[in-house]
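Trainee: Could you take me through this model feature by feature, giving the general idea before the particular case?

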Amino acid sequence: MKGESIELPASAAATIPIGRANRRTTPWRIDPFGILGIFLLVSVWQLLTIFVPSSLLPAPHAVTGRIAKDFFSAQELTYFGLPDASLLGSMLYTVENVVIAVIVGAMLGAVAGLVTARFRLARSIFDLVVLTAGTVPILVAAPFFLIWFGVGRASAVMLVLLYVAVTLYLFAQKAADNLDPVFEESARTLGATSRRIVWDMLIPGTVPQILGGVRIALAGAWGLEAIAELLGSQYGIGKAVELFAGVTDVEGIFAALLVLGVVAVVFDAITAFCFGKITAWSVVARPGGR
Amino acid sequence: MLFEPVEKSMIVLNGVSRIFRRADGQLVRAVADITLEIPQGQFVCLVGPSGCGKSTLLQMIAGLILPSNGSIRVADSLVTEPSPERGVVFQKDSVFPWMRVIDNVEYGLKCRGIAKGERRTIARDYLRLVGLSHVEHAWPRELSGGMLKRVAVATVFANGASVLLLDEPFGALDYVTKRQLHDVLLKLWAQSDSENRRTVLFVTHDVDEALTLADRILVLHSGQLVDDLDISVPRPRTADSLLLAEMMNRKHVLLAHLGLEGATALAAQMEVGS
């Protein structure tokens, strides 16, 4: 095809960020104010230890020392018969459960949410069931899961999986509802089949909101997994907290919770980075907008 | 330049009506018994006041909604669903934000099974024609409103549609950008010889835009076709072209149809004067 190109005003071209320059905008960066926040928290904590006895509130340096001591081998936990008696081993067990529950739960919830957004009958059938399941408090549901799946990994994973699936169901359904119909109409006029519309419009168009839902579900999953382990498990960081609580070892509880918190923050940072890369096209997915 | 269309009907509407049921249960006739023929290669503008049924009529021709009564044929085929033969540029931004600019332009070709190398060549040609070669790998969020419209126009032209349906595509743009896009649209439209030229139906409520672009202006009011005006002033039409007697007369007729008091009388006076 031969044709004459149309000149674009220089002012318009000069303001468009393209090519390599745009790649410098990474979706993850260290925020100095975040470091300031941590510094303030530790300072207040340290200040409080002057007034509160160490048996109730151990000092930050004592907790970090305890983490270093118990990280690979914790004698206190060995005494209670834990097979992998260390903070590292307990945390790895918890991480495995959370990762399995979040991946499977997110996939099930997101697919169900997208399907029900597209089919009115499926929505009528599933909405009430899922929303009812979502309102059951975790402390009420946990005993049932222990009865159904036994004391072990399965009950803890299923409990977290249910929470993640319900969360993602709602996020995916809302994302599909909010997707502007003009994209589907445009695709249809360009010759897209129904299958192409699902793969090329529905899925990519809802991904930023779904991944946002995954991050929220992941943040909640750590706490739920710890509760599930605390209520009925033989392993995990929640079990370690329960054992430390049993002997009023406040320093041990703080050490286990701090490890859990740090791991949760690291996982959130990694997922934020990966999701930012996946949805580089989206304004809303990028911290601070464009 | 004035293009003589080849007299072969591309779009034929026969007694087309469309009735909607409102939320309060009341039936509303958006389009009422329209019969119309548009020859192949003609650039037609459809004007009318807000809510008169322009967009509904265009969506029916696109196959996005079906008529309640009557039939629509495009290139001798009955319209029952959307087709890549009828490209649409929407009023809202319809460029897919999750695809880079070049992927947007070649999306229709991909749907039609064109090989990757060939469709990329075609997409690049059209991006060059609309002046966007330098942003082919940019994300749509990095483009201005005018550039997004260029991408949308390049996409429907690249897809090879024989009929282009544009629903107030430049309504939200500033005057200068709008004029630039008129040039882009007319150059793309005019690049084919008259036998292969695309038929364009352009919905607008901007009378000057219709006079600048159209071979023919259809006026819609309350869902009915109330006037059908030919525009014989040669292209390119500048701001000065709109001051010619024929254009001024047409403008006042159109303004009268849009409900502006006194415009009818002025149009009649100019008719006598000319």
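Trainee: Which residues does A:Asp200 touch, not counting those up to four places away in sequence?

Mentor: Two residues are in contact if their C-beta atoms, placed from the backbone, lie within 7 Å. By that criterion A:Asp200 touches A:Ala187 and A:Ala192; A:Ala187 is 13 residues away from A:Asp200 in sequence, with 8.8 Å between their C-alpha atoms. This is a predicted model, in which local features need pLDDT (the predictor's confidence in each residue, from 0 to 100) of at least 70 and side-chain atom pairs count only at 80 or more, whereas totals for chains, interfaces and linings use all residues. Residues are numbered from 1 along each chain as its sequence is written, and chains are lettered from A and ligands numbered from 1 in the order in which they are written.

Trainee: Is A:Asp200 buried or exposed?

Mentor: A residue is buried if 20 or more other C-beta atoms lie within 10 Å of its own, exposed if 12 or fewer, and partly exposed in between. A:Asp200 counts as buried because it has 22 C-beta neighbours inside 10 Å, and its place is in helix H11 (residues 194-232) of chain A. Of the 290 residues of chain A, 35% count as buried.

Trainee: How many helices and strands does chain A have?

Mentor: Helices (H or I, at least four residues) and strands (E, at least two) are DSSP runs, numbered from the N terminus. Chain A has 13 helices and 0 strands.

Trainee: At what angle do helix H4 and helix H13 of chain A pack?

Mentor: Axes are lines fitted to C-alpha atoms, for helices over the stretch in contact, and angles run from 0 to 180 degrees between N-to-C directions. Helix H4 (residues 60-70) and helix H13 (residues 250-278) of chain A pack at about 80°, with their axes 9 Å apart. H4(A) is therefore roughly perpendicular to H13(A), a class that covers 65 to 115 degrees, while angles under 35 count as roughly parallel, over 145 as roughly antiparallel and the rest as oblique.

Trainee: In which sense do strand S3 and strand S9 of chain B pair?

Mentor: Two strands pair if DSSP finds at least two bridges between them. Strand S3 (residues 43-47) and strand S9 (residues 216-221) of chain B pair in the parallel sense over 4 bridges, and B:Val47 has B:Val219 as its bridge partner in S9(B).

Trainee: Which element of chain B has the lowest mean pLDDT?

Mentor: Where pLDDT is low, the predicted coordinates should not be read in detail. Helix H9 (residues 263-273) of chain B has the lowest mean among the elements of that chain, 54, whereas chain B as a whole averages 90.
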